[in-house]
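Please open the model in your viewer and keep the sequence panel beside it. The tour below goes from one selection to the next and says what is found at each stop.

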Amino acid sequence: RVPHEIVLSGNIVSSGNTQETPQLAIACLRYYNWTGDRAFLETVYPICKQGVEYTLNRNDLDGNLYPTGNSIMEAPDMNHQNIDSACYLYGAFEALAEMAGYLGHYVEQEKYLKQATVLKKNFNIDWWNDEEGMWADSLVNGTQRMKGDWVVAIPMETGIADPDKANIALQKIEKAWINKWDMRPAHDQSRFNTCPFQNGILSIAAFNYSNSSLGWERLKLTAKVPAEFGMLGAFENTAPIPDDILQLWGAGLFLEAIVGGLVGVNPVASEHRVEIFPKPPHDLDFFSLNGVEFGEHVLDVDWKRNQGKHTLTIRHKRGQSKLDVLIRIAMDSDKISVNDEPVKAKKENYRGTVTRTVTVSYTHLRAHETSLHLVCRLLLE
């Protein structure tokens with residue numbers, strides 16, 4: 001079981017909310033995909049398996065894969081089947097399946113994939129409310145409870161949401177739930193203070209389903225916190241009225257929304273491959289993300305808009321192994337050129353969005369080389 005908080009003396013202040021043990025599996029997979037640390041994977045995979053089994057045995061007594069117990073919403077009367085616990089358990093199943101595949105445990109991989117598939121199918125039926133056009137926060141004795149908490153963004157953050165439901169929910173949140181700082185339904189705009197991590201989760205959720213305008217607006221809002229509120233340069237726990245508490249996930253989710261959301265970098269360092277899926281909003285003309293390091297590789301990723309055309313430039317700055325880069329673009333047009341040569345892009349539907357994909361391979365560096373050896377420029381019309 002993953003504890004919620006341990007103080008410097010070693011005492012456990014909180015023994016852990018229901019969603020936190022599954023979250024460990026998700027975090028471990030991400031660490032492995034960014035580092036390629038095989039020894040780490042071999043060590044943590046059995047621990048993550050034990051954690052998920054513990055969660056199922058202790059918190060899923062009815063066997064429907066919706067864990068019961070207090071979770072990310074630290075509020076009274078939350079000892080139910082909560083939406084975040086179900087979503088992060090789905091993420092844990094997917095993470096364990098991917099880890100099992102890397103380690104060659106294919107029977108276990110198939111088991112976890114089946115559990116993820118069953119959970120996703122049932123979740124999109126049991127937790128979705130057609131009349132409200134929104135997810136339930138909790139299931140209480142099998143009945144949906146619609147409190148309107150910010151956790152309704154988590155199905156989109158974790159990718160368990162079907163695209164049609166995700167888009168309906170994000171549109172409703174964008175039109176009726178958000179004010180200057182907070183995210184809550186129109187009938188409850190009482191609180192003015194919010195936590196930056198809530199905007200981070202919503203931003204990631206929006207980028208995941210190609211709602212770039214919502215993701216970008218929440219990202220810009222979060223960026224104001226270390227610049228304008230509380231201690232300069234720090235992500236206070238709340239804004240605009242700081243509470244003198246600094247929490248890691250304010251900054252962490254901000255970075256994740258940029259690197260994985262806006263720029264769309266998703267590496268598998270152990271296999272020397274990375275997907276890049278930029279999602280620039282209409283009011284952003286350029287971005288530049290330099291020194292993106294995963295495993296032995298370092299990339300610079302630049303994008304700019306000019307007279308209706310888009311140029312994506314990827315520089316491989318370091319890495320002696322061949323690197324495969326899958327570039328995904330949200331566009332229906334196939335007018336794409338790589339280094340001034342027209343290419344035939346593959347058309348794919350990704351979470352309800354029409355995309356085009358191109359794979360570019362960066363050649364090996366010679367032993368004495370450490371700097372830029374190949375630049376890929378995509379021109380998109």
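Select E132 and K172, whose side chains meet in a salt bridge (3.8 Å, N to O), the term standing for a side-chain nitrogen of Lys or Arg within 4 Å of a carboxyl oxygen of Asp or Glu. E132 lies in the loop between β4 (128-129) and β5 (134-135) and K172 in helix α6 (residues 163-177), so the pair ties together parts that are 40 residues apart in sequence; helices (H or I, at least four residues) and strands (E, at least two) are DSSP runs, numbered from the N terminus.

This is a predicted model, in which local features need pLDDT of at least 70 and side-chain atom pairs count only at pLDDT 80 or more, while totals for chains, interfaces and linings use all residues. Residues are numbered from 1 along each chain as its sequence is written, and side-chain values use heavy atoms, with hydrogens and water left out.

Next, select E108 and K49, which form another salt bridge, with the closest N and O atoms 3.0 Å apart. Here E108 belongs to helix α4 (residues 106-126) and K49 to helix α2, and the two residues are 59 residues apart.

Then move to K346 and E348, a salt bridge with its closest N and O atoms 3.5 Å apart.

Finally, show α1 and α2, where T21, P22, L24, A25, C28, Y31 and Y32 in α1 meet R38, F40, L41, V44, C48, G51, V52 and T55 in α2, contact meaning heavy atoms within 4.5 Å.
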